[in-house]
Amino acid sequence: MTFQFVIPDPTSFSSGGNLYNQALMENLVKRGHRVIEQYQCGACLPEADRVFWDTLHLALLTTTNSHIPDPPGVLMAHADTTALRTAIPRLKAIGLTFLATGQFMVDLLLGEGIPSDRIFLLEPPVILPLPVRRDRVLQARERLSLAMASSLTEDKGLLEFFQLGANLGRPFSDHLRIDVFGDDRIDEGYARAIKAIWKSTAWKDIVSFRGLLPRLQFLDRLPGYDAFLSVSPSESYGMAIAEALSVGIPVLARSGGNVRNLVRDQENGLLFHDHHELINWLMQQPGQRHLPDPSNISSNDQPSPGQVTWDAFERWLVRRS
């Protein structure tokens, strides 16, 4: 089969969605299919048996397709956004199908009335293998060292996190260190707003923006931290969370989206209802912050994707064409 991918240019910025797109295309090529990448939005190619759309091109998809797309289209639902939820009735009407990246997204789409046969769950670990399990038994130090992997975009919640933190009190740099790894090119205006808050408050002594690292280098660094921090209000999957658990470090995270399918509160991490609750925990004195013991994060905590086979995926594509 021939598949057309209408996606962002992967060299323009780095994101989990871009990694997912590239891994999916590579796997399809290995299976003997032809893949055509299209970075500039244009017409669907007549030779394509299926057109995959990235969520970032959602506006184009909804404005250019007034009927069932030809060739048939599939939306790679990378993120739970207001734009996606608003567009779902339109996408349902034009006969689009959905590639969901987590069980949370499947449940969301079903709840919005999308028939189950128009949804396929293909979680990131199926195409982006998790690192080899590592045994890590180091106990957290008084100066808690946290890693974040987050693009500086609105859906990740960083701006609200820093704004609220600046109003709740002064964190102490000898008690807390946070390293943020992520791309600031996706939404440069939003990234500037985040860094402006950071520079004008006590967070500048605690948080370091480390920029981009190749995925394998980032995974090599992860075991050196006491925990992984996620402040996103809603993850469609949470690949970096899965990676942190795989290398044996606990996770501190907002409890929205797919996070609850990965993190068990008080066992392999701590779940927080909102930013306020999370920041209050971080600002406690070292002796009052209790992380789950990393030695108790067993191999069972390595997230295992559902029993998905490529044959089943290809049958779904053919059936929906």
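Visitor: Is Trp203 buried or exposed?
Guide: Trp203 counts as buried, at 2% relative accessibility. This is a predicted model, by the way.

Visitor: OK, aromatics then. How many aromatic pairs are there?
Guide: The count comes to 14 aromatic pairs. One of them joins Phe162 and Trp203, with 5.5 Å centre to centre and 55° between the planes, which makes the pair tilted.

Visitor: Where do Phe162 and Trp203 sit in the chain?
Guide: Phe162 is in helix α6, while Trp203 is in the loop between α7 (188-199) and β9 (207-211). They are 41 residues apart, so the pair links distant parts of the chain.

Visitor: And Phe162, buried or exposed?
Guide: Phe162 is buried, with a relative accessible area of 1%.

Visitor: What kind of pair do Trp198 and Phe209 form?
Guide: Trp198 and Phe209 form an edge-to-face pair: 5.0 Å centre to centre, with 85° between the planes. Trp198 belongs to helix α7 and Phe209 to strand β9, so this pair ties together parts eleven residues apart in sequence. Trp198 has a relative accessible area of 17%, which is under 20%, so Trp198 is buried.

Visitor: Which residues form the aromatic cluster?
Guide: One cluster takes in Phe161, Phe162, Trp198, Trp203 and Phe209.

Visitor: Changing topic: which residues form the negative surface patch?
Guide: That patch is made of Glu154, Asp155, Glu160, Asp187 and Glu188.

Visitor: Where is Glu160 found?
Guide: Glu160 is in helix α6, which covers residues 158-168. Glu160 has a relative accessible area of 33%, so this residue counts as partly exposed.

Key
Residues numbered from 1 in each chain as written. Predicted model: local features only at pLDDT ≥ 70, side-chain atom pairs only at ≥ 80, totals over all residues. Heavy atoms only, no water. Patch = residues over 30% accessible without salt bridge, like charges linked within 9 Å, V, L, I, M, F, W, Y side chains within 5 Å. Areas by Shrake-Rupley, 256 points an atom, 1.4 Å probe, with all protein chains shown as cover. Salt bridge = Lys/Arg side-chain N within 4 Å of Asp/Glu carboxyl O. Lys, Arg positive; Asp, Glu negative; His and termini not counted. Charge placed at Lys NZ, Arg CZ, Asp CG, Glu CD. Helix = DSSP H or I, 4+ residues; strand = E, 2+ residues; numbered from the N terminus. Buried < 20%, exposed > 50% of the residue type's maximum accessible area, 1.4 Å probe, protein only. Phe/Tyr/Trp six-rings, centres within 6.5 Å; stacked < 30°, edge-to-face > 60°.
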